Amino acid sequence: MAFNSFEFALFLTVVFAGYWTIRSFRAQNVLLLAASYFFYGWWDYRFLALLALSSVIDFAIGPAIAAASTASRRKLLLAASLAMNLGMLGVFKYCDFFVDSLVQSLQLLGIEASASRLGLILPAGISFYTFQTLSYSIDIYRGRIQPTRDFVAFMAFVSFFPQLVAGPIERAEHLLPQFLEPRRFDYQKAVDGMRQILCGLFKKLVIADNCAACANLTFDHPNSYSGMTLALGAVCFAWQIYGDFSGYSDIAIGSSRLFGFSLMQNFACPYFSRDIAEFWRRWHISLSTWFRDYVYLPLGGSRCPKWKMIRNTLIVFLVSGLWHGANWTFVVWGLLNALYFLPLQLAGANRRHVNSSPAVTAFMPSRREAAAIAATFCLTTLAWVFFRADSVTAAVGYLARIFTMASGSQPSPIPSSVLITVTLFAVLEWSQRHRAHVLEFTEARIPRPVRWLLYYGIIVLTVAYTGEKQEFIYFQF
Amino acid sequence: MYGAIATGVCRTDVVVHRTAVAATPSDLRLFLRRGILFALPLILIAGLPCAILLRSGENFADLGRVVDQCSQQKFLVGYAWNEQNYGYLKYRRIETQPRRSVLALGSSRVLGFRSEMFRSSFYNAGYTITGAGDFETFLRQLPEAKLPDVLLIGLDQWMFNPDYSTSSGAASSDLWTSNQSSNIHSGLRTIPKVYKDLFRGKLNRAVLLGDVAGEVIPVGLNAVNLGIGFRNDGSFSYGNQVTRLLADDPAARDYNFEETLGRVRRGAHRFNFGNTLDPAAIASLKRLRDFCRSRQIRVVAFLPPFTDRVYGELLNDGQHDYLRLLEPTLRRGLAAVDFELHAFSSMAACGATDRDAIDGFHGGELVYVRMLQRMIESSSVLTEHLDAVRLDASLADPVNRYVAFPE
């Protein structure tokens, strides 16, 4: 069930009510586990067994790794966990892609080849929960955490419904301990969680879905529209994917807080980044830090010869692209981001804006900051064209029409109301850029009647301006 | 770093607390109390439109139940704001009811065919098709056992205009297989519209009081409010549009075809300018022909009529020259023993007049009767499936000049 559905609202209410009537945290874990499997089964019951299998195997391997007497045995057990998780991912997500690519490559070389495809359906959330269970095994191997003996807690940690299908990808050392100790209902956190859910729904229903309708038209019929319209279409997609994904994360994080759990922040106003390095510290934080900690750093990170550092960066971005989907467009998207990042890294300028925000001392950014933000947004939007297009050829054609300022036979399908809405939302986000989400504020500063009026206003706006129903983009990953 | 990850902390397995720590009752009670207080106005505000939407069947209606009861009860399904649900209605009806010998398929311009016109079993699956490629997609979606003997398809002329086919999206198979009006998305979008219509006085007593008893059960606000909607056989009743036309009421939609003529002159909303034909559209019809041929389905295709006034404007403005190329090209490329083509692009071609038209590009039922008679005269494969006596009788004694048969 999607987060923006009546079924989820009912489901969340029922689980919340049942959860807080239970006194024992262990019993609460059982309820969360049952609820999470129900939630996942609602998507597709056929893959419940796969989720369970992935969880059980890593639960069993964890203690074995910790208890292994030799380094080689520990390595072997970790390799087994990696092989199982990545193997599952590989079979369901990449098998047909690699087979098709191999066949096409052979045909390009003049070798007649054909192969049958598996045609498997991609299980919802597989890219997310496999990475989550992998972090458990790897962190045990590294000695960062001890394995848990609480089977129910572990299963609930892997399948926790708010973040199961589209993240944030939690680390075991952050989320698992929360299942191993009693949770306490915190009024302020619950209220802030509700605000974050409202924020997420607005981002999804108003921003993302309205931008999606515009982006779909321009990407599906690029030859009908002018270069300027296509550029606006690309901007619409940039806001669509942001509204969609960060909206989902907001709802996930907000929902978790209702149950006393704290999930990691996944987005930190990425479109206000002053360079690409900062963008990747603010966008899909859970995934980018996962790749940093489990791919980039083990390869040597940046503490190695320059050529290795370049290699490591390229690998991380390419793998990140491939993680998003089995299509060369995602690989090119990843490569493009790598090419953006490398010059900064080679110049030692990729950590310029760590622990700083734009316009710290003023509301408006400086001219230099504004130019940097605009340039970074343009670069990321250009890369998003590859992310959205059906093929690399289509993406190149789309961009060519933008850069040659081609004329179109159809008027722009992008209403000004959408552009105004996005602009106003961007201004609102900018004003709240130092906060975890747009609706986070100190309650004492605003009287309750005013706060409630604000919430009602947002709900009315959401209902009035909700776009055509669109699936969450990241469900396809 | 903006993430909230706990870094550099080595956690060991936490000692289990043997005594449970309960939620602070006052905190939770406060949260629940304020939550209910907050939700109350929303429930009240949303309550009235939700009740109207639910009671009228506009949203959250179980269309499956409607389809299942079609053989015992007459329904009129007419949505005000959930038109995307018609595809699901049609598809499910075909999928779950006995197979029909004749199936009409196309856009709204095939909806005038009624079961009374046929001796054989008939269903009108119109309003499911947007582009030329959708015919095959729709048929492939159906179970093989439900495919008809004869397929009667309306080829909207604009389907072959490359500028139209690029600006319109292809129909998604989701529209045929999922009940769109049952989701909260659709319901949310409809709530403000109910209030708008309430304030404008557009919703009548029957809608507000749920007074919908009668021989025909209306489902959806248009059906309840205006008598507009789809009958059990899939054909369309124009309800109060016919009433207004008979009264020569200027409030009738597209009165004197002014709206359609405006679109023609602007080159908008299906009347896009175009002077060439879309080869992809013709290719997709060839694939349809091959698909039907392989399953022994005979195809009767026709170009539906515009009013003479509109068609004249189209032919003479020099901006829609694809229309002149259309019929000869289709005949050359498609016409065969098992693929008939009938060109009825104007009222005159059907033996009708503009007075028989509902609007600039939809004929009344008598226009469809005349089209079928023309097909009989040309020895169409449909002849054996048609009730020629009843067709003649309907022309001699119609309900009115727009409606051939009583409800």
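Asp220(A) is partly exposed, with a relative accessible area of 45%, while Arg388(A), at 17%, counts as buried; buried means under 20%, exposed over 50% and partly exposed in between, for a 1.4 Å probe and protein chains only. This is a predicted model, in which local features need pLDDT of at least 70, side-chain atom pairs count only at pLDDT 80 or more, and totals for chains, interfaces and linings use all residues. Residues are numbered from 1 along each chain as its sequence is written, chains are lettered from A in the order in which they are written, and side-chain values use heavy atoms, without hydrogens or water.

Let's see how these two residues meet. Side chains of opposite charge can pair when their charged atoms come close. Asp220(A) and Arg388(A) form a salt bridge (3.7 Å, N to O), a term for a side-chain nitrogen of Lys or Arg within 4 Å of a carboxyl oxygen of Asp or Glu. Because Asp220(A) lies in helix 9 of chain A and Arg388(A) in helix 15 (residues 367–388), the pair ties together parts 168 residues apart in sequence. Helices here are DSSP runs of H or I with at least four residues, strands are runs of E with at least two, and both are numbered from the N terminus.

Now turn to chain B. Arg114(B) forms a salt bridge with Glu365(B), their closest N and O atoms being 3.0 Å apart. Arg114(B) sits in the loop between strand 2 (102–106) and strand 3 (122–126), and Glu365(B) in helix 16 (residues 365–377), so this pair links parts 251 residues apart in sequence. Both residues are buried. Salt bridges with shared partners join Arg114(B), Glu116(B), Arg231(B), Glu365(B) and Glu407(B) into one network.
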